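Welcome! Take a moment with the sequence and the model below, and then let us walk through them together, one part at a time.

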Amino acid sequence: MITTSLQTTATVLERSLLSEENYRLRLHCPTIAERILPGQFFMLRLPGCTDPLLGRPFALYDTAADATGEPVAIDVGLHQIGKFTGLMSQLPTGAVLDIWGPLGNGFPPFQTEHLIQVAGGIGYTPFVAVSREALAGKRYGSPARQPIQAQRASLIYGVRSRALRADLSDWQTLPGLDVQICTEDGSEGHRGLVTELLEPMLRAGSAQKKTVLTCGPVRMMHAVAELCRQHGVACWASLETPMACGYGACFSCVVPVRDAAAESGWDYRRSCVEGPVFRGDQIVWERLLAPTA
Ligand SMILES: Cc1cc2nc3c(=O)[nH]c(=O)nc-3n(C[C@H](O)[C@H](O)[C@H](O)COP(=O)(O)OP(=O)(O)OC[C@H]3O[C@@H](n4cnc5c(N)ncnc54)[C@H](O)[C@@H]3O)c2cc1C
Ligand code: FES
């Protein structure tokens, strides 16, 4: 499904704290809210700001509707790590941002028995909309797209420590969602890596009845994709490759992807246009992880 992207403005309606260093902003922006799909993203920029000059990409956390049920706002879940996210985390209600989107492909629609979402750190943000579409019948896009459908869903969510784990109230209302937390320091849930919780889920039952979606640090997504490959389970990864333009012009976001037509067997794809969601077995992970000269 192709969505037309727009350049417009968005107004901050509210800001809330999700956890230490993590915020959620609700932005009034009806034209993007009515079009955007789970897994798509948008670029945000502060008007008149020269530091940073370039926009920054953010995944759709979810859309919010007005009293008539029309989507009028988009939520963004934000990890404060640098200049722009630092400025965003302090924006007052009524502040205006430049925005362009919806951008990228988003997660494809599919039917599965068990939807397994594997998130690391702020990479959990795209899974709020995915879970609501798959489990609560929420619809996205205009006209509404063919939804992701699942009989049940799991969210495996890994963070460094309990203090960084986002508030889970957006998940708790979803029927049939099982949330499993793991922390590196053991301060909550399983002590260890998301793959240690994923492996037994992949081993149980038929591989054809499961679909894995993953978003987070590249090393984590590589490990998830590799485990899925070993178990024959379909896997889609949403990459958070740094981006400068967001609409295909600058090639700052390229990702190595398998390509049988290329002499080397792989070629670059722009994550902002052909991604940010790619099939896990299509990404050349070793090359993506290799340090650049
Ligand atoms: C498609 C997509 C969706 C995204 N969705 C979200 C989201 O929902 N919530 C969210 O908080 N962030 C998201 N990000 C990441 C977000 O865009 C960056 O965190 C943001 O651009 C940082 O800007 P800054 O000015 O605060 O930090 P900067 O000052 O630019 O950078 C601070 C530090 O973070 C590093 N850094 C910057 N961007 C990235 C990145 N993408 N990956 C790894 N390291 C990085 C820099 O190298 C630097 O060390 C997404 C990125 C992409 C591509
Ligand atoms: S960010 Fe410019 S081409 Fe992708």
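This is a predicted model: local features need pLDDT of at least 70, side-chain atom pairs count only at pLDDT 80 or more; totals for chains, interfaces and linings use all residues.

**A strand covered on both sides**

Why do the two sets of residues fall on opposite sides? In a regular strand the side chains alternate between the two faces of the sheet. Counting along β12, 6 of its 6 residues are buried.

Which strands pair with β12? On one side there is β8, which runs parallel to β12 and is joined to it by 6 bridges. If you look for V118, you will find it opposite T214 of β12. Strand β13, residues 234–238, also pairs with β12 in the parallel sense, this time over 5 bridges. Here C215 has S238 of β13 as its bridge partner. To get from β12 to β13 the chain passes through α6, and this β-α-β crossover is right-handed.

Now step back to the whole sheet. It is an open sheet of 7 strands with mixed pairing, in the order β11-β10-β9-β8-β12-β13-β16. Which strands stand at the edges? They are β11 and β16 (277–279), and each has a single partner strand, so one side of each is left without a neighbour in the sheet.

**Two helices to compare**

Next, please find helix α5, which spans residues 194–203. Its buried residues are V194, L197, L198, M201 and L202. These cover an arc of only 135° around the axis, which puts them on the same side of α5. The spacing makes sense in general terms: an α-helix has 3.6 residues a turn, so residues three or four places apart point the same way.

What covers the buried residues of α5? The cover includes the strands β8 (111–120), β9 (149–159), β10 (177–183), β11 (190–191) and β12 (210–215), together with helix α6 (218–231). After α5 comes G205, which has a positive phi, near 70°.

Helix α3, residues 126–136, is mostly covered, with 10 of its 11 residues buried. Among them are F127, V128, V130 and L135, and also R132 and E133. Following α3 is G137, whose phi is positive, near 70°.

How is the chain divided into domains? The domain assignment gives domain 1 (6–103) and domain 2 (111–240 + 276–289). Between the C-alpha centres of domain 1 and domain 2 the distance is 23 Å. Where they meet, 19 residues of domain 1 and 21 residues of domain 2 take part in the contact. On the side of domain 1 that touches domain 2, the elements giving two or more residues are β1 (6–19), β5 (62–65) and β6 (71–79).

The largest nonpolar core has 80 residues, and I74, L198 and V224 are those with the most contacts inside it. Both domain 1 and domain 2 give at least three residues to this core. What does I74 touch? Leaving aside neighbours within four places in sequence, its contacts are L27, C29, I32, A33, I36, L60 and T63.

Let us finish with two single residues. G123 sits in the loop between β8 and α3. Is G123 buried or exposed? With 25 other C-beta atoms within 10 Å, G123 is buried. Not counting residues up to four places away in sequence, G123 touches C215, G216 and E240; C215 is the residue whose bridge partner in β13 is S238.

S5 is in the segment before β1. S5 counts as partly exposed, with 19 C-beta neighbours inside 10 Å; a residue needs 20 or more to be buried. Which residues does S5 touch, not counting those up to four places away in sequence? They are W100, G101, P102, L103 and Y247. As for R35, it is 30 residues from S5 in sequence and 8.4 Å from S5 in space, C-alpha to C-alpha.

How values were computed
Residues are numbered from 1 along each chain as its sequence is written. Chains are lettered from A and ligands numbered from 1 in the order in which they are written. A nonpolar core is a set of buried Ala, Val, Leu, Ile, Met, Phe, Trp, Tyr and Cys residues joined through C-beta atoms within 7 Å. A residue is buried if 20 or more other C-beta atoms lie within 10 Å of its own, exposed if 12 or fewer, and partly exposed in between; C-beta atoms are placed from the backbone. Domain bounds come from an automatic or database domain assignment. Two residues are in contact if their C-beta atoms, placed from the backbone, lie within 7 Å. Helices (H or I, at least four residues) and strands (E, at least two) are DSSP runs, numbered from the N terminus. The arc is that of the directions from the helix axis to the C-beta atoms. Two strands pair if DSSP finds at least two bridges between them. A crossover is right-handed if, with the strands pointing away from the viewer, the path from the first strand over the helix to the second runs clockwise.
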